[in-house]
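The following exercises concern one protein structure. Please study the sequence and the model before reading each solution.

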Amino acid sequence: MLGGHVEPHVTTRLRASDGTPLAGTYLAGPVTAPTAVLLLHGFAANRRKPAYARLADGLSREVAVLALDLRGHGGSGGTCTLGDHEVADVEAGVRWLRALGHRSVVVVGLSMGATAAIHAVSLGAAVDAVVAVSAPAWFRDEPETEPMRRLHGLWERPAARAGLRLALGVRLAGPDAWRSPPHPAEMVAGIRVPLLVVHGADDAYFPPADADDLAAAAGGPTQLWHEPAGFGHAEDGIEPAFIARLLAAVVAVTNDGRFPRPPR
């Protein structure tokens, strides 16, 4: 498998409450790490994909990190439901970190991982803060962007889903598995822990206005980072300078109870 981690790490196995086996990589970070991050990738990615591995490695310089393969991806079992049933994966990751002794947990999700994070925290997952990168605010029946129209077509057609599994190893459930959860902009209204919403100007999947809607609807303390041109969707914005800023934000929210303002 391409990619992987450079910093010290161990592979771990978890199990979601519905029995789905999950694969993870744990990077302990320094002994003095102030918090632990649960890192959740986007659709058709995995924890070992180079951009996500670099992100986990970078964060682990100061905090502990559990990078998780969401169901239907990488080394995990089950089928992907685009952030719906993945709520159980998030809960399993949080429980695992708490059982290991981490008193502070920040969940960092990108794209589908951000949707799963928002969903889980809105239902009571015991985290101290949430970072949502490239998240949608609305589940649109008629997608507005070409990449989302392609994904919607894959989701609806069994033959296309089978092709996706053969080509990328991603096991995508069909519309029958979708339980019609609330829109993310509705979910965040019930989140009381600090929330950081990050969105790139060059996101081809979801318009930057979705980030504004998420931030405006949030029920707790919120910061909004609109990233400039050159920052695309999810891992397309994961560059060293951004990793450093994100790490500083995670440490800040752990120490101060709030995320820093967007960079000028």
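**Exercise 1.** Determine which backbone oxygen lies 2.8 Å from a polar atom of the side chain of His-9, and describe the surroundings of His-9.

*Solution.* The backbone oxygen is that of Glu-7, at 2.8 Å from a polar atom of the His-9 side chain. The model is predicted, with pLDDT of at least 70 needed for local features and 80 or more for side-chain atom pairs, while totals for chains, interfaces and linings use all residues. Residues are numbered from 1 along each chain as its sequence is written, and side-chain values use heavy atoms, with hydrogens and water left out.

Then list its contacts (heavy atoms within 4.5 Å): apart from neighbours within four places in sequence, His-9 touches Thr-25, Tyr-26 and Leu-27.

**Exercise 2.** State why His-9 counts as partly exposed.

*Solution.* His-9 counts as partly exposed because its relative accessibility is 36%. The class lies between buried (under 20% relative accessible area) and exposed (over 50%), with a 1.4 Å probe and protein chains only.

**Exercise 3.** Identify the buried residues of α4 (146-156) and the helix against which they pack.

*Solution.* First, the buried residues of helix α4 are Pro-147, Met-148, Leu-151, His-152, Gly-153 and Trp-155; helices are DSSP runs of H or I of at least four residues. Second, these buried residues pack against α5 (158-168).

Note on methods: A polar contact is a pair of N or O atoms within 3.5 Å; within protein, one must be able to donate a hydrogen and the other to accept it, and residues adjacent in sequence count only if both atoms are side-chain atoms. Helices (H or I, at least four residues) and strands (E, at least two) are DSSP runs, numbered from the N terminus.
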